[in-house]
Amino acid sequence: MGEERVNVPTTDSRSAFTHHLLQDVQALEYMLKHDWFETDTIRIGAEQELCLVDKKTLKPTPKNMAVLKRLKEYPWVTTEIARFNLECNFTPQVFTGDALRKMEQENMYQLGIVKEAAKASNAQIVLTGILPTLRKFDLSLENLTPKPRYLALIEAIKAQQKNERGFELNLHGIDELHIHHDSPLLEACNTSYQVHLQVTPKTFVPMYNIAQAVAAPILAMAANSPLVFGKRLWHESRIALFQQSLDVRTSKEHMRTSEPRVSFGTQWLDKSIMEIYKEDIARFRVLLGSEIDEDSLEMIGQRKVPKLRALQVHNGTVYRWNRPCYGISDNGMPHLRIENRVLPSGPTVLDQMANAAFWLGLMIGMAHEFKDIREHLSFADVKDNFSKAAKFGIDSQFTWFGNRKVTCRELVLQELIPLAYNGLVLQGIDKPDIERYLSVIQGRAEVHQNGARWLLKSFTQLTERVNRDEAVTILTSEMVKCQMEQDPVHKWSIPSEEDLKQYRPVGLRVEEFMETDLFTVRESDLLELVGDLMDWRKLRYLPVEDENGHLCGLITTRKLLRYYIKRGRINNEMNDYKTVGDLMISAPTTVSPQTTIKEAMHTMRGCKLGCLPVVKDNELVGIITEMDFLRVAGRLIERLK
């Protein structure tokens with residue numbers, strides 16, 4: 001998109017860009033009205049986003065520019081917003097015959113080349129919706145890919161953010177995550193596999209509505225992103241995370257309706273693709289500008305096909321899960337596409353291709369079977385289904401035709417796979433390929449395991465035996481091992497700690513290691529309560545905090561024991577009701593979340609401490625104890641056997 005020319009617009013440049021944007025709308029309307037668009041060929045394509053991790057630690061590694069230098073002869077690989085991501089673009093294929101197999105083969109070929117280039121930088125590639133080993137501090141602006149477009153996008157979004165606390169991420173699943181971040185780079189958590197289907201102007205509306213209708217079951221079956229920063233959240237946490245990471249809306253006392261820039265949409269399409277473009281221009285302020293060197297209306301007058309650069313720049317800053325796309329084919333004719341953005345990356349190439357085949361087949365199969373999907377489903381139910389799919393994945397229950405309640409697995413096995421099969425047959429896709437890909441979807445439904453369920457089950461079992469960091473490292477290691485093999489995720493077994501040959505907690509920070517489920521007391525609490533709490537919960541240390549969560553002190557069992565010995569609690573000599581404030585260590589040694597565990601161990605050993613409260617901006621956020629280090633040391637010793 002000529003990213004070096006994209007910028008945060010000034011008042012004057014915003015006006016100029018908006019002028020070009022409105023001209024592009026008129027030009028597109030003219031081309032649609034006068035049948036300029038390609039209609040005799042249907043093509044498919046895809047974009048593969050991937051993560052780069054350190055070869056030894058399996059943590060994100062910011063080396064995309066170094067890897068790209070080794071890939072400069074391959075135009076199909078490019079950057080993504082974070083320095084630990086890359087994107088590969090597939091060659092468009094005519095949607096018939098062996099098109100799906102060609103996409104899979106090209107995917108394997110490209111990943112093989114990127115894998116070798118990454119290896120030269122001591123990195124590995126990972127296909128996953130959200131990288132399990134990703135940490136909040138990996139999303140600092142120092143990991144923003146150094147290209148003008150990304151910096152302009154971040155600056156433009158931050159300029160619109162009115163919340164003093166910055167960007168918020170609030171998700172509830174098995175666990176709970178509520179954090180604040182100072183930049184919208186939280187978006188970089190998401191890694192997708194985006195599939196494109198070319199359509200005609202006449203079929204765009206019914207096909208787009210079908211894409212909306214099937215988004216929920218497609219997402220539910222493909223879900224692969226339940227872990228964020230070591231927390232078990234939605235089965236496809238990408239959906240909420242992407243919306244919240246770019247959400248600049250502010251809360252109001254009145255009930256004004258306001259759509260986020262990341263959206264499923266507000267209603268069915270009725271007559272034309274123009275409804276989407278016009279709504280997005282009306283709802284969302286121009287975020288990025290660009291120097292436009294073409295006059296689209298003038299080009300229309302010369303019978304030339306314009307690039308509609310301003311419209312494409314604006315469309316690139318409004319993130320619909322089913323996005324309309326305008327392009328120009330190699331033959332010089334304009335074309336329209338629907339881009340499916342709901343699919344996560346991974347966990348294997350075969351799984352990704354199965355997801356694509358399922359969606360593409362459903363699109364064609366449902367269009368052939370149902371003239372107007374709006375006659376069978378309400379938009380409210382479709383949007384609600386999508387939300388359920390993101391939260392519960394393959395465990396979802398949907399509202400389907402005739403207001404019928406049906407489980408995801410039942411719907412897929414009994415209705416959607418046959419529709420997808422018929423759709424692929426109608427397109428002339430080779431039958432062995434149809435069976436190869438749809439059998440993966442069938443297998444997931446039958447054994448009740450997709451990527452999300454495998455990750456959730458595996459993580460839960462692993463954390464019963466190892467610490468959280470080692471668990472996510474084991475999971476990432478398994479994905480690296482299996483991602484380009486022929487066994488799809490529904491055949492994967494639950495990994496054990498022995499499956500990771502070498503665990504390297506080198507450079508591990510306190511925030512990756514600390515205990516965050518804290519029991520605390522206040523200065524005014526009775527020491528008698530403290531003693532019982534420590535006995536009940538088998539605690540050796542209790543942080544003392546005020547009503548704002550600020551650390552005030554620390555109570556230790558040693559302090560408490562000395563007090564009881566001196567006062568003789570058994571002989572009822574505690575008539576003065578001593579409180580925590582009378583006994584606590586008022587200025588305990590602390591560390592920050594960014595401290596490495598090596599530095600923390602040195603502090604504890606040097607000061608002869610049994611624990612360290614973890615504090616950020618005077619707020620208590622966690623605690624580490626000598627037992628935490630003993631557990632890690634014990635696991636490392638076990639690995640030496």
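Helices (H or I, at least four residues) and strands (E, at least two) are DSSP runs, numbered from the N terminus. The model described here is predicted: local features need pLDDT of at least 70, side-chain atom pairs count only at pLDDT 80 or more, and totals for chains, interfaces and linings use all residues. Residues are numbered from 1 along each chain as its sequence is written, and side-chain values use heavy atoms, with hydrogens and water left out.

**Second largest pocket**

- A pocket is an open set of points on a 1 Å grid over the protein atoms alone, where a 1.4 Å probe fits, with protein on both sides within 12 Å along at least five of seven lines; lining residues have an atom within 4 Å of a point.
- The second largest pocket holds about 1400 Å³ of space; among its 38 lining residues, Lys136, His178, Ile179, Met514 and Val621 are the closest to its centre.
- At least two lining residues come from each of β8 (176-181), α15 (468-482) and β22 (619-625), and β8 gives the most, with six residues.
- The lining comprises 13 nonpolar, ten polar and 15 charged residues, where Ala, Val, Leu, Ile, Met, Phe, Trp, Tyr, Cys and Pro count as nonpolar, Asp, Glu, Lys and Arg as charged, and the others, Gly among them, as polar.

**Packing of α5 and α10**

- The axes (lines fitted to C-alpha atoms over the stretch in contact, with angles from 0 to 180 degrees between N-to-C directions) of α5 (residues 201-222) and α10 (residues 349-369) come within 10 Å and cross at roughly 145°.
- Contact means heavy atoms within 4.5 Å; residues of α5 including Met207, Ile210 and Val214 meet residues of α10 including Phe358, Trp359 and Leu362.
- This contact has 14 nonpolar, one polar and no charged residues.

**Salt bridges**

- The structure holds 26 salt bridges, each a side-chain nitrogen of Lys or Arg within 4 Å of a carboxyl oxygen of Asp or Glu.
- One of them pairs lysine 278 with glutamate 29, the closest N and O atoms being 2.7 Å apart.
- The pair links distant parts of the chain, 249 residues apart: lysine 278 lies in α7 (residues 274-283) and glutamate 29 in α1 (residues 11-33).

**Backbone features**

- Glycine 346 and proline 347 are joined by a cis peptide bond with omega of about -5°; proline 347 is in the loop between β16 (334-340) and α10.
- Arginine 303, a residue other than glycine, has a positive phi near 60° and is found in the loop between α8 (296-301) and α9 (309-315).

How values were computed: Points joined across faces, edges and corners; volume = space filled by probe spheres on them.
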